[in-house]
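Have a look at the structure first, then read on.

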Amino acid sequence: MITDHNREVIIGLALSLAWLLLLLLFWLLIPGEASPGSGGLTRILTITGAVMPFALIWMAVGVSRAVNRLRQEAAELRGNLSQLQELAAKRPKPSTTAPTPAASGVQMPRQPAPTIPAARPATPTPPAARPARPASQPQQASLRFDAPEPIEIPSETLIRALNFPDDANDQETIAALRMALKDHETARVLRAAQDVVTLLAEHDIYMDDLPPDPVPPAIWRRFAGGERGEIAARIGGIHDEIALETAAALLRGDEIFRDTAHHFLRHFDLMLTRETPRLDDAQLAALADTRSARGFMLIGRAAGVFG
């Protein structure tokens, strides 16, 4: 079976063999020789012209193999993250039998009343008396609506999870991702970041190719504290024109991408506000260089958030 790797090598060998045949035909069919006075220069130019196509052919083969490898790694990353999401979804839910919300001090959220069609008013009638409950009949168990308590994820674990695994062998990052997904708010950020990074990768935009301009941690802290304007403009440190144009086009023309991107920007911004106070400068700089943060800077600048 011919794989993509073998196909690239076969193509390279075929092109190299074709070029060798052309060289042989040239030397056999073109009569005459170079003059004695220009032998050295002619020889150098001839050798260079003969070798250069070989270098170009195998350089193209190497680039093609690298691109295919990146696409395979992106596919493996999407598969690993999908498996982690499935594991998180299969976690057992807390028991639903507990004291009534009123007794436990928990207020149930008021649901909007359904719309009822207008009806002709009728003469009110006195309500029928409710039959007494037999002493032997048990009371119905009430439900409890306590939200899951947040889990504090260690800073290093959070940063590693936000950068996502490099491949299926990156066991440390996969373990960090599993732990981070146990916290409800952090899981929201990770899933939103995964969706954005995956959609951009489908358009050949990879976060590893977009190193941002360095931003002092103090600027990140001011941004996390709510400052905007010039501070926000310094945060969006990605200026790759192709990536920005692609992201802007998707925001304008792809409704799914637009909704996903806005959801991601909102939750990543909330995470910065929540997590920045407990990070030191080195940790904050590491977080700003993760793949999730690069996606935040790219989408934010394409959306006009950073000016």
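Axes here are lines fitted to C-alpha atoms, for helices over the stretch in contact, and angles run from 0 to 180 degrees between N-to-C directions. Helices (H or I, at least four residues) are DSSP runs, numbered from the N terminus. This is a predicted model, where local features need pLDDT of at least 70 and side-chain atom pairs count only at pLDDT 80 or more, while totals for chains, interfaces and linings use all residues. Residues are numbered from 1 along each chain as its sequence is written, and side-chain values use heavy atoms, with hydrogens and water left out.

**H6 against H10**

- Helix H6 (residues 184-201) packs on helix H10 (residues 255-275) at about 140°, and their axes are 9 Å apart.
- That angle makes the pair oblique (under 35 degrees would be roughly parallel, over 145 roughly antiparallel, 65 to 115 roughly perpendicular, and the rest is oblique).
- The contact (heavy atoms within 4.5 Å) takes in, among others, Val-189, Ala-192 and Leu-199 from H6 and Phe-257, Phe-264 and Met-271 from H10.
- Sorted by class, this contact of H6 with H10 has 11 nonpolar, 4 polar and 4 charged residues (Ala, Val, Leu, Ile, Met, Phe, Trp, Tyr, Cys and Pro count as nonpolar, Asp, Glu, Lys and Arg as charged, and the others, Gly among them, as polar).

**H9 against H12**

- Helix H9 (residues 241-253) meets H12 at about 65°, again with axes 9 Å apart.
- H9 and H12 are therefore roughly perpendicular.
- On the H9 side the contact uses Ala-243, Leu-244, Ala-247, Ala-248 and Leu-251, and on the H12 side Leu-298, Ile-299, Arg-301 and Ala-302.
- The tally for H9 with H12 is 8 nonpolar, no polar and 1 charged.

- In helix H11 (residues 281-288), Gln-283, Leu-284, Leu-287 and Ala-288 are buried (under 20% relative accessible area, with exposed over 50% and partly exposed in between, using a 1.4 Å probe and protein chains only).
- They span an arc of only 140° around the axis, so they sit on the same side of H11; the arc is that of the directions from the helix axis to the C-beta atoms.
- Those buried H11 residues pack against helix H4 (155-163), helix H7 (217-224), H10 and helix H12 (291-302).
- Helix H5 (residues 171-180) buries Thr-173, Ile-174, Ala-176, Leu-177 and Ala-180.
- Their arc is only 160°, which puts them on the same side of H5.

**Thr-157**

- Thr-157 lies in helix H4, and at 16% relative accessibility Thr-157 counts as buried.
- Leaving aside neighbours within four places in sequence, Thr-157 is in contact with Ala-176 and Met-179.

Definitions and conventions:
Helices (H or I, at least four residues) and strands (E, at least two) are DSSP runs, numbered from the N terminus.
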